[in-house]
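Please look through the sequence and the model shown here before reading on. The notes after it are arranged by topic, so that each can be followed on the structure itself.

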Amino acid sequence: RPLTQEEIAHRRELVKQRHAEKLAANQGKEMAGKPQSENSSPMTGNTGDMRGEEQQPTGQAETMTSKAMKQEADNKESFIAFARVFSGVVQRGQKILVLGPKYDPAESLHKLSSECSPTNDLPLIPHMSCCTLENLYLLMGRELEDLEEVPAGNVLGIGGLQDFVLKSATLSTSAACPPFTPLSFEATPIVRVAVEPKHPSDMPQLVRGMKLLNQADPCVQVLIQETGEHVLVTAGEVHLQRCLDDLKQRFAKVEISVSAPIIPFRETITRPPKVDMVNEEIGKQQKVAVIHQTREDQNKIPEGIQVDPDGLITISTPNKQATLSVRAVPLPEKVTRLLEENSDLIRTMEQLNTSLNEDKKDHEINQRTLDRIKEFKQKLEQNLQGRKWRNAIDQIWSFGPRKCGPNILLYNFEGYKRSVWQCLGNTVKEVSKYRDFDNSIVSGFQLATLSGPMCEEPLMGVCFTVEKWDMCKTGEMLSAAGQNSGECNTTEREQDEDAALTSSRTGEVCSSNEQQDSSQSAPKPPEKFSKQKGETSLADCYGPFSGQLIATMKEACRYALQAKPQRLMAAMYTCEIMATAEVLGRVYAVLSKREGRVLQEEMKEGTDVFIIKAVLPVAESFGFADEIRKRTSGLASPQLVFSHWEIISSDPFWVPTTEEEYLHFGEKADSENQARKYMNAVRKRKGLYVEEKIVEHAEKQRTLSRNK
């Protein structure tokens with residue numbers, strides 16, 4: 001039967017009494033265990049009284065410091081790990097292994113002895129450490145109850161793990177235990193801000209506070225950029241505000257300055273459009289010569305670079321010893337998505353290939369990883385179909401940026417073979433004239449994909465194909481010299497010895513005019529040495545040949561990208577809004593104002609509430625929740641989650657080129673271009689040149705009334 005209110009109150013009183021008795025018993029044990037500390041305080045007080053008034057100030061200072069220490073101890077915060085016991089019994093004071101999410105028992109067990117337990121001295125193994133469980137707590141709302149042991153199936157709090165666990169970990173008494181996969185969150189960190197203290201002397205506290213925030217929040221990311229800025233990456237506007245408040249009030253406890261939110265974009269290319277901005281078929285209208293000429297001036301390519309009508313770029317190195325031909329092609333959407341989802345696997349492939357190239361035998365390849373790589377290769381083959389992508393899988397040179405991004409580099413010239421699938425057994429070891437400088441081409445590709453030509457943002461969904469790589473005889477001599485570096489060193493030493501002998505002999509023979517001989521004999525060895533070495537060092541005035549190849553490949557990729565229709569890609573939120581029928585119009589008005597697009601609208605059964613699903617650019621999401629609540633008087637509440645990257649359809653470099661566009665958009669064509677607005681905002685933030693006119697199409701003011 002259900003308990004009455006009186007019975008519930010009576011039981012509550014009994015529990016309180018038991019709890020008070022338990023606390024009193026614990027305090028009694030502590031007092032009995034520390035008799036010396038109890039007796040010491042009155043003794044020090046008595047001695048202070050006996051010695052007179054001079055000793056009293058020190059006694060007061062001691063009491064003040066003890067009070068301050070107590071207050072600090074009360075204010076001190078500590079981390080409590082939230083855990084669940086899956087097997088066995090957890091006990092206080094137990095020694096246990098902390099296994100990180102990347103811990104692999106297959107790689108670590110052979111390094112351990114047969115008795116691999118936390119009590120023994122463990123060797124240094126990555127992603128594994130040993131700790132002692134200091135405190136176990138029962139989580140009772142706001143209160144924490146101390147526990148001695150916790151059996152399987154229970155949820156508990158564990159104190160003292162802050163030095164061993166970053167976000168999540170697996171605790172086990174056996175090193176053979178495979179770790180649990182890290183927690184996955186729907187919200188992806190996408191909004192970033194740069195943080196700095198208002199007073200530079202507070203920088204250590206800020207760094208420590210950001211470490212604590214990174215440990216406390218599973219969804220935040222803390223980065224230090226190449227520029228030295230400390231960056232917070234958060235899931236959205238509300239999450240960002242929460243993190244900043246925690247940083248100010250709890251973790252760093254200093255005043256901080258926060259930059260404007262940094263919204264990421266991506267750059268890509270598309271197929272040439274078939275219709276223009278007024279939906280007319282391209283090629284059937286009359287071109288307006290003046291406006292078309294301005295478009296050509298914008299895309300002017302410097303001299304020495306050949307551009308074919310189909311977008312093939314041919315460029316030479318500064319010393320004219322190598323020539324590259326590069327073409328850029330957009331990747332299918334499915335391939336781009338596949339590369340994004342498997343970025344960790346591509347990074348693993350790169351590590352395996354590097355170890356194979358360096359002939360490291362100790363790096364064993366897991367069979368499960370090999371199966372995943374084979375499956376990834378099959379999916380790529382299925383999605384890269386058609387005449388344009390024939391044999392493209394076997395010609396993949398690298399991925400980028402950072403060798404694991406959603407862009408591909410292909411090679412399509414004779415005399416060279418290299419594959420990213422070396423870890424599957426497709427090892428190709430050949431000595432060719434390209435082998436010494438192929439890493440320079442890959443490095444140039446990585447630099448080009450890391451910062452595009454529009455606003456220095458990373459590229460996405462672009463395939464670069466190197467269709468020609470010609471090297472002159474001097475370049476081949478340089479590569480041969482690189483291969484036979486050992487022989488070159490020995491010959492150079494012999495030449496140095498010969499030069500030294502000849503100089504000493506000339507010094508002995510020509511003794512009549514010592515000053516002239518010394519002035520003439522000194523430059524002789526360098527001249528002879530420079531003549532002998534000059535044949536292989538023609539590229540010295542332009543820098544190292546490998547550096548020239550890196551810069552040339554980067555420029556070739558940029559110009560190949562500019563030869564195609566360029567587009568910006570914006571990060572998009574999936575927006576779910578619950579609203580009543582009365583405020584639907586206002587919700588749609590706010591969405592359309594912020595470049596949002598409604599995907600679905602349905603009514604919840606049995607209620608008058610509509611559920612609206614829409615997509616919204618991250619760049620337009622700041623203040624969106626507040627605005628929609630104000631406009632609907634709190635009757636609509638949005639939920640934003642990062643979804644995908646989407647191409648902005650408008651061309652940021654668009655100018656009217658046909659008669660119809662000229663008539664429709666006018667002479668200025670100054671209607672708002674969303675892509676150009678985003679591009680100029682990013683360029684201003686990065687300090688790049690922005691082509692903007694303060695006064696455009698200015699006219700002289702005309703006063704109709706006569707001056708009196």
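This is a predicted model: local features need pLDDT of at least 70, side-chain atom pairs count only at pLDDT 80 or more; totals for chains, interfaces and linings use all residues.

Residues are numbered from 1 along each chain as its sequence is written, and side-chain values use heavy atoms, with hydrogens and water left out.

The protein has 20 helices and 24 strands, where helices (H or I, at least four residues) and strands (E, at least two) are DSSP runs numbered from the N terminus. Of its 708 residues, 35% are buried; buried means under 20% relative accessible area, exposed means over 50%, and partly exposed lies in between (1.4 Å probe, protein chains only).

**Contacts along the chain**

**Helix 8 and its cover**

- Helix 8 covers residues 333-341, and its buried residues are V335, T336, L338 and L339.
- Because these buried residues fall within an arc of 160° when seen down the axis, they line one face of helix 8; the arc is that of the directions from the helix axis to the C-beta atoms.
- On the other side of helix 8, the residues E333, K334 and E341 are exposed.
- The cover over the buried residues of helix 8 includes helix 9 (343-357), helix 10 (367-383), strand 18 and strand 19 (407-411).

**Nonpolar cores**

- In soluble globular proteins, nonpolar side chains tend to be buried together.
- A nonpolar core is a set of buried Ala, Val, Leu, Ile, Met, Phe, Trp, Tyr and Cys residues joined through side-chain atoms within 4.5 Å.
- The largest nonpolar core has 38 residues, of which I190, V195, L232, L247 and L568 touch the most other members.
- Strand 21 gives the largest share of this core, six residues.
- Apart from this core lies another one, of 33 residues, which includes V326, F413, V466 and M553.

**Salt bridges**

- The structure holds 19 salt bridges, each being a side-chain nitrogen of Lys or Arg within 4 Å of a carboxyl oxygen of Asp or Glu.
- Within helix 10, K379 and E375 lie four residues apart, about one turn of the helix, and their side chains meet in a salt bridge (3.7 Å, N to O).
- E646 and R597 also form a salt bridge (3.0 Å, N to O); since E646 lies in strand 24 and R597 in strand 22 (residues 597-603), the pair ties together parts that are 49 residues apart in sequence.
- R92, D146 and E148 are linked in a network of salt bridges.

**Two buried polar residues**

- S398, in strand 18 (residues 396-400), counts as buried because its relative accessibility is 4%.
- The side chain of S398 makes a polar contact with that of Q446 (3.1 Å); such a contact is a pair of N or O atoms within 3.5 Å, where within protein one must be able to donate a hydrogen and the other to accept it, and residues adjacent in sequence count only if both atoms are side-chain atoms.
- R558 lies in helix 16 (residues 545-562) and is buried, with a relative accessible area of 17%.
- The side chains of R558 and E456 meet in a salt bridge (3.2 Å, N to O), and E456 counts as partly exposed, at 28% relative accessibility.

Conventions. Contact means heavy atoms within 4.5 Å.
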